Amino acid sequence: MNISSDTKGIDPFRAIEVSQLAHELRAQGASVIHMEFGQPSEGAPAGAIEAARGAMDGGDMGYWESMPLRQRIAKHYQDEYDVDVQPQQVLLTCGASPALVLALLSAFDVGSRVMTARPGYVAYRNSLRALHMNPVEIACGEEDRFQINARHIRDAADAPDGLIVASPANPTGTIIPPAELADIAAACRERNVQIISDEIYHRLSYEIETQSMLTHDPESFIVNSFSKYYGMPGWRLGWLICPQKFVAAARARAGNLLLTPPALSQHAALAAFDCTDELDKRVEVYRRNRTLLIETLAQLGITDIAPSDGAFYVYASIAHLTDDSLAFCKKLLAETGIATAPGLDFDPEHGRRFIRFSYAVTTEMAAEACDRLTKWMPQQAGYRAPGDKKIFMDEWGRSADILAMQDLRDGFLAGVSEARDCLAGMSAR
Ligand SMILES: Cc1ncc(COP(=O)(O)O)c(C=O)c1O
């Protein structure tokens with residue numbers, strides 16, 4: 001048997017490493033604020049928990065895919081986005097993660113090329129690689145609002161087979177505005193690109209309306225789950241909206257690979273749809289946390305932040321403080337108890353200079369995190385008080401200082417190679 005420790009190009013999720021350290025610290029009695037994972041600190045809404053309790057006393061608990069829940073999800077698309085989805089197109093899955101895998105397996109083949117934004121959710125790249133498909137990552141910087149746009153699809157030398165869009169996105173929270181979403185759908189139609197739209201952060205938006213991709217492309221796959229707005233990540237329940245032509249393929253794969261999702265979670269999730277009053281109040285807490293965090297970071301000289309339109313993330317450049325975001329996150333955790341995610345998880349090229357905060361915490365936790373940051377940050381090498389110096393960022397998040405150092409180094413290397421040419425010329429004479 002060939003046992004290999006080779007990860008075959010599939011990187012570990014480094015936020016897990018930070019989280020494990022955070023839990024160890026907590027076990028030793030330290031006060032830890034968990035901002036490393038995108039999970040609401042409050043858990044499932046009260047109505048969902050009550051429904052789960054009721055289901056324990058005699059609800060359906062076998063291998064089961066709840067028809068009432070599929071019907072409720074289909075209705076949600078009608079109510080929320082005014083698009084027609086049939087219950088038969090809804091597949092219930094153990095979270096958005098297997099929904100994404102099912103969509104990929106149903107629509108594409110080994111070797112298919114699928115475009116994604118970088119920075120982006122780490123599982124896109126890794127799931128594609130695990131399925132022997134090829135991620136085509138598009139570096140999206142400030143000028144693209146860190147998101148894929150129609151130009152990326154129209155300008156691609158070889159049209160990809162597929163596109164994964166996420167709006168609001170992880171790690172940035174950036175939303176693709178409705179007009180751009182429509183143009184992306186048009187560009188994909190022109191170039192015959194199958195869309196998978198990850199809408200897991202819908203209902204968590206603060207500035208721009210979130211539209212379902214189904215509004216513009218009824219043939220797209222939609223991935224979603226109860227892990228974010230509904231506060232139920234550990235209940236492992238999500239869904240896939242499948243274009244009619246792929247329903248049979250997706251069902252065959254779901255049945256064989258995954259069987260059915262947890263029955264208890266399906267009972268609870270049906271009730272969660274009626275808990276929007278409670279859940280919307282949480283969104284208001286996130287809105288206030290977001291303002292507090294962004295203002296605190298600005299006062300600490302951290303102003304290069306991706307447009308934080310939705311989800312519950314702030315993705316900030318820390319280029320003037322480090323080019324090793326993992327080490328930075330570990331130091332921040334050890335010295336303040338604040339656990340965060342290193343940008344490296346979302347962007348292997350430029351993420352060394354970014355950090356992601358999740359503000360899906362209580363108001364008290366957000367305020368405490370901001371206090372700790374305010375005390376800690378000024379002691380860090382490279383710290384700049386606001387107004388000290390304008391932090392200029394190029395499109396890859398490199399600060400003016402780093403660019404100046406690189407210019408100096410490039411100038412020096414150019415001088416060395418000129419001198420070498422000159423010497424070579426002299427010896428040839
Ligand atoms: C963009 C995105 N898609 C999918 C997932 C997976 O979510 P789930 O817990 O539903 O599997 C996450 C989790 O953080 C995510 O951020």
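**Helix packing in context**

Modeller: Start with the contacts of the protein chain. Among those between residues at least 6 apart in sequence, 73% join residues at least 24 apart. This is a predicted model, so keep that in mind throughout. The protein chain holds 13 helices and 12 strands. It has 429 residues, and 47% of them count as buried.

Now take helix α4, residues 96-107, against helix α8, residues 247-258. Their axes come within 9 Å. They cross at roughly 130 degrees. That makes α4 oblique to α8. The crossing of the two, α4 and α8, is right-handed. On the α4 side, the contact uses P98, L102, L105 and S106. On the α8 side, A249, A250, R253, A254 and L258 meet them. By class, this contact of α4 with α8 has seven nonpolar residues, one polar and one charged.

Next, the ligand. The shell around the ligand has 13 residues. G95, A96, S97, S225 and S227 come nearest. By class, the shell divides into five nonpolar, seven polar and one charged. Helix α4 spans residues 96-107, and A96 and S97 are among the residues that come nearest to the ligand.

Helix α5 runs over residues 122-130, and its buried residues are V122, Y124, R125, S127 and L128. Just after α5, H132 takes a positive phi of about 60 degrees.

The crossing of α3 and α9 is left-handed, whereas that of α4 and α8 is right-handed. From α3, the residues in contact are P68, L69 and R72. From α9, they are Q266, A269 and L270. The residues of this contact of α3 with α9 divide into four nonpolar, one polar and one charged.

Conventions
Residues are numbered from 1 along each chain as its sequence is written. This is a predicted model: local features need pLDDT of at least 70, side-chain atom pairs count only at pLDDT 80 or more; totals for chains, interfaces and linings use all residues. A residue is near a molecule or strand if its C-beta atom, placed from the backbone, lies within 6 Å of it. Ala, Val, Leu, Ile, Met, Phe, Trp, Tyr, Cys and Pro count as nonpolar, Asp, Glu, Lys and Arg as charged, and the others, Gly among them, as polar. Axes are lines fitted to C-alpha atoms, for helices over the stretch in contact, and angles run from 0 to 180 degrees between N-to-C directions. Helices (H or I, at least four residues) and strands (E, at least two) are DSSP runs, numbered from the N terminus. Angles under 35 degrees count as roughly parallel, over 145 as roughly antiparallel, 65 to 115 as roughly perpendicular and the rest as oblique. A crossing is left-handed if the near helix is turned anticlockwise from the far one by less than a right angle, and right-handed if clockwise. Two residues are in contact if their C-beta atoms, placed from the backbone, lie within 7 Å. A residue is buried if 20 or more other C-beta atoms lie within 10 Å of its own, exposed if 12 or fewer, and partly exposed in between; C-beta atoms are placed from the backbone.
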